[in-house]
Every structure is written in structure tokens, then in C-alpha cells.
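My entries follow in the order of looking.

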Amino acid sequence: MDELEFEFELDSRLDNDCITLGDFPLCRLLLMNDANYPWFILVPRRAEASEIYHLSPADQAQLLHESSFLSENLHDVFDGDKMNIAALGNMVKQLHIHHVVRFEDDPAWPAPVWGAVTAKPYTEDQIQEIHQKLQMMMPQEVNFVARDLLN
């Protein structure tokens, strides 16, 4: 673990709005607590990174790999019509990449998901089901947290 990872702390807004699923080699994998959309977030575990160019070239390459790998698996697991991937950071400065599986019949289609409808929290059963599906699809790539540790 390098110093930047040791000093990493998840932004409190992400911590409050999301469920931690586990860690890729570089990024923390979060599930946005909004059952309207399969919405995941990757957060590089690097202190004070707010832009992709703040990462080392090796970390930039790892981020692209993890994002692409996650996107492909999410598309397969949820059979989406489109993957929306974005790094905005206007409200939360900490570097984080949204991965939203979109469907032509979702509540916001074709507009962005932000603020389209009121967030609908997941049930514990829904969280467990998503956790299990992803764990089956990516057992070697993600160090998943134990189910009883999910927040």
C-alpha cells in the first residue's frame, strides 16, 4: 500500500449515498443507493485526486482497465441498452467515475439520471442479489466486502 492509498478517505457524500461493495486493485466499487437504475461508482483510492490527470500514468491505465472491465460486466449482468460513464465532480470533488446501466424504459431515458426522479433506496434483498451477481462475474478482480459489512 503506498502513501496515497494509505491517506485515502472516501468523501462523506459518497459514503452516505452509496453502498460499498469492494475494491478493485485501484478503485473502491460503490453502488449508488438508488434502485431506479443500476448505478455504480469507481473511486480511485488515491488521496486528494480530483481529476484523472492527477493520477500517475500507471494509475490512469489501471482506472481505464477497471472502468472498461466493470462496464462490460454490468452490461452483461443487467442486459442494458446503453452504458453511461461520467466523471463530473461538481458536487463531490473527489475523483469518482459513475457507471450507469441505462434502459430505454428507465424513468429518465433518454435524459441524464441526475435529479430525474426521487431516489428509491434498495432493499436488503436487492443489495444482496446485486452483490452476489457481481461476485460471481468478477470473483478474481474485486475484493468484495463480506455481506454483513455492507453499509
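In which loop does P110 lie? I found P110 in the loop between β5 and α4; helices (H or I, at least four residues) and strands (E, at least two) are DSSP runs, numbered from the N terminus. The peptide bond that leads from W109 to P110 is cis, with omega near 0°.

Notes on the source. This is a predicted model, in which local features need pLDDT of at least 70 and side-chain atom pairs count only at pLDDT 80 or more, while totals for chains, interfaces and linings use all residues. Residues are numbered from 1 along each chain as its sequence is written, and side-chain values use heavy atoms, with hydrogens and water left out.

Backbone. I looked up positive phi values next. E48, in the loop between β3 and α3, has a positive phi of about 65° although it is not a glycine. At 78% relative accessibility, E48 counts as exposed; the cut-offs are under 20% relative accessible area for buried, over 50% for exposed and partly exposed in between (1.4 Å probe, protein chains only). D79 is not a glycine either, and its phi is positive at about 50°. I placed D79 in the loop between α3 and β4, exposed with a relative accessible area of 59%.

I also checked N90, in the loop between β4 (82-86) and β5. N90 is exposed, its relative accessible area being 69%. Its C-alpha atom is separated by 23 Å from that of L70, 20 residues apart along the chain.

Cysteines. I searched for disulfides, meaning pairs of cysteine sulfur atoms within 2.5 Å. The count comes to zero. For C18, the nearest cysteine sulfur is that of C27, 13 Å away, and this is too far for a bond. C18 counts as buried because its relative accessibility is 6%; C27 is buried as well, at 0%.

Cores. I took a nonpolar core as a set of buried Ala, Val, Leu, Ile, Met, Phe, Trp, Tyr and Cys residues joined through side-chain atoms within 4.5 Å. The largest has 29 residues, and F24, L29, F40, L70, L74, L134 and M138 have the most contacts inside it. Two or more residues each come from β1 (18-23), β2 (27-32), β3 (39-44), α3 (57-78), β5 (97-102) and α4 (124-137). The largest share, six residues, is from α3. Another core, of 14 residues, lies apart from this one and includes L30, V92, A108 and V113.

I listed the contacts (heavy atoms within 4.5 Å) of M138. Leaving out residues up to four places away in sequence, M138 touches F24, L29, F69, L70, N73 and F144.

The largest pocket has a volume of about 410 Å³. Its lining has 19 residues, of which D17, M32, M91, H98 and W114 are the closest to its centre. Helix α2 (residues 12-17) gives the most to this lining, with three residues.

The second largest pocket holds about 160 Å³ of space. A35, Y37, P38, F78, Y122, Q126, E129, I130 and K133 line the second largest pocket, and α4 gives the most, with four residues.

For both I used a 1 Å grid over the protein atoms alone: a pocket is an open set of points where a 1.4 Å probe fits, with protein on both sides within 12 Å along at least five of seven lines, and lining residues have an atom within 4 Å of a point. A volume is the space filled by probe spheres set on the points, which are joined across faces, edges and corners.
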